[in-house]
Amino acid sequence: MEQREFGRIGRKVSVVGLGTWQLGADWGEVGEDDALAVLDAAVESGVTFFDTADVYGDGRSEQLIGRYLRSCPDARIFVATKMGRRLPQLAENYTLDNFLAWTDRSRANLRVDTLDLVQLHCPPSSVHSSAAVFDALDTLVDQGRVAAYGVSVETCEEALAAIERPGTASVQIILNPFRLKPLERVLPAAAAAGVGIIARVPLASGLLSGRYTKDTVFPEDDHRMYNRHGEMFDQGETFSGVDFAAGVEAAVEFGELAPEGATPAQTALRWVVQQPGVTSVIPGARSPEQARANAAAAALPALEQDTLDAVHELYDRRIRAQVHHRW
């Protein structure tokens, strides 16, 4: 699989990585053996980048990754985790003392002395303008607790603020054919600054797979059921903030753009991979088959310009009014 330089970090990671929120919680139950099988299938398919967080299953996702990497010491996987959501989302909670406690917990879960990358987990907007917060992150690097740090953001303005910070190694942002706004300013700014871009929610919580209908019912413990309108966290994390029924209709049209031999989900991933400035895209997977299919998107031929133009036209016609002004 293609490996891309990770900006200021100086390491290469697979252009298709693996998001591991599904292995922790909020997507329905995934058994431990099944979760480890997903990790194994991803690595066998060329994935060298895992993304996790300390709150996914209250640390379960990190622990599973730590267990897997301990059993496969030669895998050389780059692991990005996140911190900041173990307390209420208040700017005053983003302190060095909390950072020390959170990273100690993640280091123990992942069974490493130094975290490859730690990201602030969609903090309040004011955190991005706090010199004290970024001084504390620099301290983590100086102490060897983390090799690098970045920020996971909800909005383009937050991303641009993070990119301006000289120590920021990466920005994680929602990017998919139903979320095009980052293409305008964020990706060019990141490329100019040497900041890596991690594209999350690339399938719009599964909408872009084309597998759902308006009558699809998700389990009660799945965020696609309980956070559809932003009841528990930012609405943009669920279906990219797109109304479910409208998204299903748009996904049918998107599926018609898939080239021969590619599924709609693979087409969406291939689209993200092609965007200038993207370092890695991190689809999740609940089964080994999904992990392999996602990884295979990296080997697809580049999408034709007609297809790229059709994605923009679909977005402008069906999606822009719902999401562009918010994120």
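Me: Leaving aside neighbours within four places in sequence, which residues is arginine 228 in contact with?
Reply: The model is predicted. Arginine 228 sits in the loop between α7 (223-226) and α8. With neighbours within four places in sequence left aside, the residues in contact with arginine 228 are Phe218, His223, Gln235, Thr238, Phe239 and Phe244.

Me: Is arginine 228 buried or exposed, and what is its relative accessible area?
Reply: The cut-off for buried is under 20% relative accessible area. Arginine 228 falls under it and is therefore buried, at 19%.

Me: What separates the C-alpha atoms of arginine 228 and threonine 238?
Reply: Threonine 238 is one of the residues in contact with arginine 228. The two are 10 residues apart along the chain. Their C-alpha atoms are separated by 6.0 Å.

Me: Which backbone oxygen does the side chain of arginine 228 reach?
Reply: The distance is 3.0 Å, and the cut-off for a polar contact between N or O atoms is 3.5 Å. The backbone oxygen belongs to arginine 224.

Me: Where does arginine 145 lie, and is it buried or exposed?
Reply: Arginine 145 is in the loop between α4 and β7. Its relative accessible area is 16%, and the limit for buried is under 20%. Arginine 145 is therefore buried.

Me: With which side chain does the side chain of arginine 145 make a polar contact?
Reply: Not counting residues up to four places away in sequence, arginine 145 touches Leu100, Thr103, Asp104, Arg107, Asp113, Thr114, Leu115 and Leu140. The polar contact, at 2.9 Å, is with the side chain of glutamine 143.

Me: Which residues of strand β7 point one way, and which the other way?
Reply: Strand β7 covers residues 149-152, and all of them are buried. Tyr149 and Val151 point one way. The other way point Gly150 and Ser152.

Me: How many bridges join strand β6 to β7, and which residue stands opposite valine 151?
Reply: Strand β6 (residues 117-121) runs parallel to β7, and 4 bridges join them. The residue opposite valine 151 is leucine 120.

Me: Which helix makes a right-handed β-α-β unit with β6 and β7?
Reply: The two strands run parallel. The unit they make with the helix is right-handed, and the helix spans residues 131-142. It is α4.

Me: Through which helix does the chain cross from β7 to β8?
Reply: Strand β8 (residues 168-174) runs parallel to β7, with 4 bridges between them. Two of the pairings are serine 152 opposite glutamine 172 and tyrosine 149 with threonine 168. The crossover from β7 to β8 is right-handed and goes through helix α5 (residues 156-163).

Me: How many residues of β8 are buried?
Reply: Strand β8 is mostly covered. On its β7 side, 4 bridges join the two strands, and 5 bridges join β8 to β9. The buried residues of β8 number 7 of its 7.

Me: What is the bridge partner of isoleucine 174 in β9?
Reply: Strands β8 and β9 run parallel. Together with helix α6 (residues 186-193) they make a right-handed β-α-β unit. In β9, the partner of isoleucine 174 is arginine 200.

Me: Why is helix α9 described as largely enclosed, and which elements do its buried residues pack against?
Reply: Of the 11 residues of α9 (residues 264-274), 9 are buried, so the rest of the structure largely encloses the helix. Among them are Arg270 and Trp271. The elements they pack against are β1 (3-5), β9 (196-200), α8 (244-255), β10 (280-281), α10 (288-296) and α11 (305-323).

Me: What is the radius of gyration of the chain?
Reply: The chain has 11 helices and 10 strands. For 327 residues the globule rule gives 20 Å, and the value here is close to that, so the chain is as compact as a globular protein of that length. The radius of gyration is 18 Å.

Me: Among contacts between residues at least 6 apart in sequence, what share joins residues at least 24 apart?
Reply: Buried residues make up 56% of the 327 residues in the chain. For the contacts in question, the share joining residues at least 24 apart is 76%.

Terms used:
Residues are numbered from 1 along each chain as its sequence is written. This is a predicted model: local features need pLDDT of at least 70, side-chain atom pairs count only at pLDDT 80 or more; totals for chains, interfaces and linings use all residues. Side-chain values use heavy atoms; hydrogens and water are left out. Buried means under 20% relative accessible area, exposed over 50%, partly exposed in between (1.4 Å probe, protein chains only). Two strands pair if DSSP finds at least two bridges between them. A crossover is right-handed if, with the strands pointing away from the viewer, the path from the first strand over the helix to the second runs clockwise. The radius of gyration is taken over C-alpha atoms; the globule rule is 2.2 Å times the number of residues to the power 0.38. Contact means heavy atoms within 4.5 Å. A polar contact is a pair of N or O atoms within 3.5 Å; within protein, one must be able to donate a hydrogen and the other to accept it, and residues adjacent in sequence count only if both atoms are side-chain atoms.
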